[in-house]
Amino acid sequence: MAIDYDKLMDWPFEEVEQTYSIKDSIVYALGVGYGHDPVDEGQLPFVFEEADFKAVPTMAVVLAGPGFWLRDPETGIDWRKILHGEQGIRWHKPLPKSTTVTARTRITRILDKGADKGALIYSERDLVDKSTGDKLATLSSTTFARGDGGFGGAPGPQPQPHEVPERAPCAVCDLPTRPHAALLYRLSGDPNPLHADPKVAAAAGFKAPILHGLCTLGIAGHAVLRSFCGYDTTRLKSLKLRFSSPVYPGETIRTEMWQDGDVISFRSKVLERDTVVLNNGCVELG
C-alpha cells in the first residue's frame with residue numbers, strides 16, 4: 001500500500017488533552033538527567049517541589065502527542081522503516097509546573113525523495129494551556145519514511161539543516177546518563193519496548209535497549225540551559241536538531257556549543273564511542 005498524498009495531508013488527528021502534575025514534571029526531569037548531582041542548586045528546582053520549582057522546557061515534546069499514528073495501515077506507511085529525523089520546539093511561554101494542555105497534530109508537508117530514497121513527512125502541533133488559552137509551544141517533527149518513496153509527490157525543495165561552525169566550540173558540557181535512563185524516561189510517555197526489552201532491541205539490530213531520541217534531545221537542552229542560561233528557562237526561545245545515531249543508557253553525552261549573539265549552535269556525541277548522536281543543532285535565546 002503506497003502513500004496517498006491527499007489522504008495523509010488531511011489525516012484526521014483528534015485533539016489530545018493531557019493533564020500533568022508536579023510529580024510528572026519531576027519524573028521527566030529525572031529521566032533526562034536533572035538531579036544527577038543532587039546538591040547542584042541549579043538543577044534542584046527541577047526535581048524538588050519545595051525549591052523554586054519549574055518545569056524543564058524540553059518536556060513540551062512529550063505532552064499531548066498523537067501517539068503512534070503511523071502504525072495505522074490506512075496511512076500507507078511502512079511503520080517498521082520509519083525514523084525520527086528532526087525535532088524542533090518554539091516556546092511561546094515557559095511551561096507551567098502543572099496544568100492541563102491540549103494539542104492537535106497536523107501534517108504540513110510530504111516530500112517524495114524517490115522509490116529508493118524514501119519520503120519525508122513534516123508535522124506540527126501547538127501546545128495550549130487549557131486553563132488560560134495561552135499557546136505554550138509549537139512542536140515540529142520530521143519523519144523519514146525509508147520504505148515509502150516513489151508515490152508521485154514533489155521531491156522538494158527540502159529545508160537545509162543548520163550548519164555547525166568549524167571553529168573550536170565556545171563551551172563543552174559533559175552529562176552522564178544512568179544505565180536505567182531509558183526505563184525511567186519511558187514513564188514520560190513512550191513505552192516502545194525497543195527502549196526496555198533486550199530481545200526487541202536485539203531483533204532490531206542493537207546490542208541492548210537504546211535511549212529514546214527525545215531523551216537525548218532533553219540532555220542537549222540541559223547542556224545549553226546550564227552553559228548559557230544559568231538555568232533561566234525564560235531565555236530559551238527555540239531549539240531544533242537532527243538525530244544522527246542512537247545512545248545506549250549509561251553512556252556520556254558531550255555537547256559542543258558555539259555562540260553567535262543569541263544563537264547557540266550545537267552537536268552532541270557519545271564520548272565512549274566518539275559518535276555524533278545529535279547534529280545541526282540550533283537554539284535561539286532571548
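Figure 1. Buried denotes a relative accessible area under 20%, exposed over 50%, and partly exposed in between, computed with a 1.4 Å probe on protein chains only. Helices (H or I, at least four residues) and strands (E, at least two) are DSSP runs numbered from the N terminus. The model is predicted: local features need pLDDT of at least 70, side-chain atom pairs count only at pLDDT 80 or more, and totals for chains, interfaces and linings use all residues. Residues are numbered from 1 along each chain as its sequence is written, and side-chain values use heavy atoms, with hydrogens and water left out. The end C-alpha atoms of H6 are 23 Å apart, in agreement with the 22 Å that its 16 residues should span at 1.5 Å a residue; the expected span is 1.5 Å times one less than the number of residues.

Figure 2. Thr216 belongs to helix H6 (residues 213-228) and is buried, with a relative accessible area of 4%. Leaving aside neighbours within four places in sequence, Thr216 is in contact (heavy atoms within 4.5 Å) with Leu211, Val247, Ile253, Val277 and Leu278. Cys215 also lies in helix H6, and its relative accessible area is 0%. Not counting residues up to four places away in sequence, Cys215 touches Gly31, Val32 and Tyr185.

**Figure 3. The nonpolar cores.** A nonpolar core is a set of buried Ala, Val, Leu, Ile, Met, Phe, Trp, Tyr and Cys residues joined through side-chain atoms within 4.5 Å. The largest has 56 residues, and those with the most contacts inside it are Tyr34, Leu95, Leu127 and Met257. Helix H6 gives the most to this core, with nine residues. Another core, of 14 residues, lies apart from it and includes Leu8, Leu70, Ile110 and Phe151. Tyr34 touches, among others beyond four places in sequence, His222, Leu225 and Tyr231.

**Figure 4. The second largest pocket.** This pocket has a volume of about 420 Å³. Of its 23 lining residues, the closest to its centre are Glu86, Ser140, Thr142, Pro159 and Lys240. Two or more lining residues come from each of strands E2 (82-91), E4 (105-112), E5 (119-129), E6 (135-145) and E8 (236-243). On a 1 Å grid over the protein atoms alone, a pocket is an open set of points where a 1.4 Å probe fits, with protein on both sides within 12 Å along at least five of seven lines; lining residues have an atom within 4 Å of a point. Grid points are joined across faces, edges and corners, and the volume is the space filled by probe spheres set on the points.

**Figure 5. Backbone geometry.** Most residues other than glycine have a negative phi, and most peptide bonds are trans. Tyr231, in the loop between H6 and E8, has a positive phi near 65 degrees and is buried at 6% relative accessibility. Asn280, in strand E11 (residues 275-285), has a positive phi of about 55 degrees. The peptide bond from Gly156 to Pro157 is cis, with omega near 0 degrees; Pro157 is found in the loop between E6 and strand E7 (171-176).

Figure 6. With a disulfide taken as a pair of cysteine sulfur atoms within 2.5 Å, the count comes to zero. Cys173 is in no disulfide, and the nearest cysteine sulfur, that of Cys229, is 12 Å away. Cys173 is buried at 6% relative accessibility, and Cys229 is buried at 7%.
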